[in-house]
Amino acid sequence: MKSSAPHNNRRKAPPKSKSSDMSPKNEVKQMFIKWFLKHKVAGQIMSKEDVVQNILTQLNAKQEDALSTALNELKTDGLIEIQEDGVTLMLTAKGADFI
């Protein structure tokens with residue numbers, strides 16, 4: 001009976017449907033939203049340094065692949081504006097109301 005016991009000591013992985021509740025794209029969107037939530041002022045600027053320090057350094061490979069799509073969705077939804085430099089982000093009034 002002891003020979004079959006070791007499998008009981010292993011930690012079970014969560015069911016597949018629960019382990020991927022959020023796609024990498026949505027995880028990235030949440031990272032941006034959480035940062036803006038700390039400031040929650042329409043017109044709030046997220047500088048290139050803020051993006052690098054608070055987002056880019058935290059991403060895993062799948063999230064890096066989803067970064068562009070996540071930013072485009074936030075922009076399309078009207079929550080942020082992407083400034084001319086392509087990196088600096090600004091929270092819109094709609095974004096401030098959303099969060």
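**Reading the labels**

Modeller: Let us begin with helix α3, whose 16 residues reach 24 Å from the first C-alpha to the last, close to the 22 Å expected at 1.5 Å a residue. Please keep in mind that this is a predicted model.

Biologist: How many helices and strands does the protein chain have, and in what order do they run?

Modeller: There are six helices and three strands in the protein chain, and from the N terminus on the elements run α-α-α-β-α-α-β-β-α. Of the 99 residues, 27% count as buried, and among contacts between residues at least 6 apart in sequence, 58% join residues at least 24 apart.

Biologist: Which residues of α3 are buried, and what do they pack against?

Modeller: The buried residues of α3 are Val28, Lys29, Met31, Phe32, Ile33, Trp35 and Phe36. They pack against β1 (45–46), α4 (48–54), α5, β2 (80–82), β3 (89–91) and α6. Just after the helix, Lys40 takes a positive phi of about 40 degrees.

Biologist: Why is Met46 called buried?

Modeller: Met46 is found in strand β1, and its relative accessibility is 0%. The cut-off for buried is under 20%, so Met46 counts as buried.

Biologist: What is Met46 in contact with, leaving aside its neighbours within four places in sequence?

Modeller: Met46 is in contact with Phe32, Trp35, Phe36, Val51, Asn54, Ile55, Val87, Thr88 and Leu89, once neighbours within four places in sequence are left aside. With one of these residues, Trp35, the separation is 11 residues in sequence and 8.5 Å in space, C-alpha to C-alpha.

Biologist: Why is Val87 called partly exposed?

Modeller: Val87 lies in the loop between β2 and β3, and its relative accessibility is 29%. Buried would require a value under 20% and exposed a value over 50%, so at 29% Val87 counts as partly exposed. Not counting residues up to four places away in sequence, Val87 touches Met46, Lys48, Val51 and Ile82. The C-alpha atoms of Val87 and Val52, which are 35 residues apart along the chain, are separated by 9.5 Å.

Biologist: How do you know that Gln63 is buried?

Modeller: Gln63 has a relative accessible area of 9%, and the cut-off is under 20%, so Gln63 is buried. Its place is in helix α5 (residues 61–76), and, leaving aside neighbours within four places in sequence, Gln63 is in contact with Pro24, Glu27, Val28 and Gln58.

Biologist: Which residues of the largest nonpolar core touch the most other members?

Modeller: Of the 20 residues in that core, Phe32, Phe36, Met46 and Leu89 touch the most other members. The elements that give two or more residues to this core are α3, α5 and β3, and the largest share, six residues, comes from α3. In soluble globular proteins, nonpolar side chains tend to be buried together.

Biologist: How many cavities does the model count, and what volume does the largest have?

Modeller: The count comes to one cavity of 30 Å³ or more, and the largest cavity has a volume of about 40 Å³. Its lining is made up of Phe32, Ile33, Phe36, Leu74, Leu79, Ile80, Leu91, Gly95, Phe98 and Ile99. The elements that give two or more residues to this lining are α3 (24–39) and α6 (93–98), with the largest share, three residues, coming from α3.

Biologist: What classes of residue make up the lining of the largest cavity?

Modeller: The lining has nine nonpolar, one polar and no charged residues. Gly counts as polar by the scheme used here, and Gly95 is one of the lining residues.

Biologist: Where is Met90, and which residues is it in contact with?

Modeller: The place of Met90 is in strand β3. Leaving aside neighbours within four places in sequence, Met90 is in contact with Phe36, Gly43, Gln44, Ile45, Leu79, Ile80, Glu81 and Gln83. Met90 and Leu79 are 11 residues apart in sequence and 8.6 Å apart in space, C-alpha to C-alpha.

Notes: Residues numbered from 1 in each chain as written. Predicted model: local features only at pLDDT ≥ 70, side-chain atom pairs only at ≥ 80, totals over all residues. Heavy atoms only, no water. 1 Å grid on protein atoms, 1.4 Å probe; cavity = no way out; pocket = protein on both sides within 12 Å on 5 of 7 lines; lining within 4 Å. Points joined across faces, edges and corners; volume = space filled by probe spheres on them. Helix = DSSP H or I, 4+ residues; strand = E, 2+ residues; numbered from the N terminus. Buried < 20%, exposed > 50% of the residue type's maximum accessible area, 1.4 Å probe, protein only. Contact = heavy atoms within 4.5 Å. Expected span 1.5 Å × (residues − 1). Core = buried A, V, L, I, M, F, W, Y, C linked by side-chain atoms within 4.5 Å.
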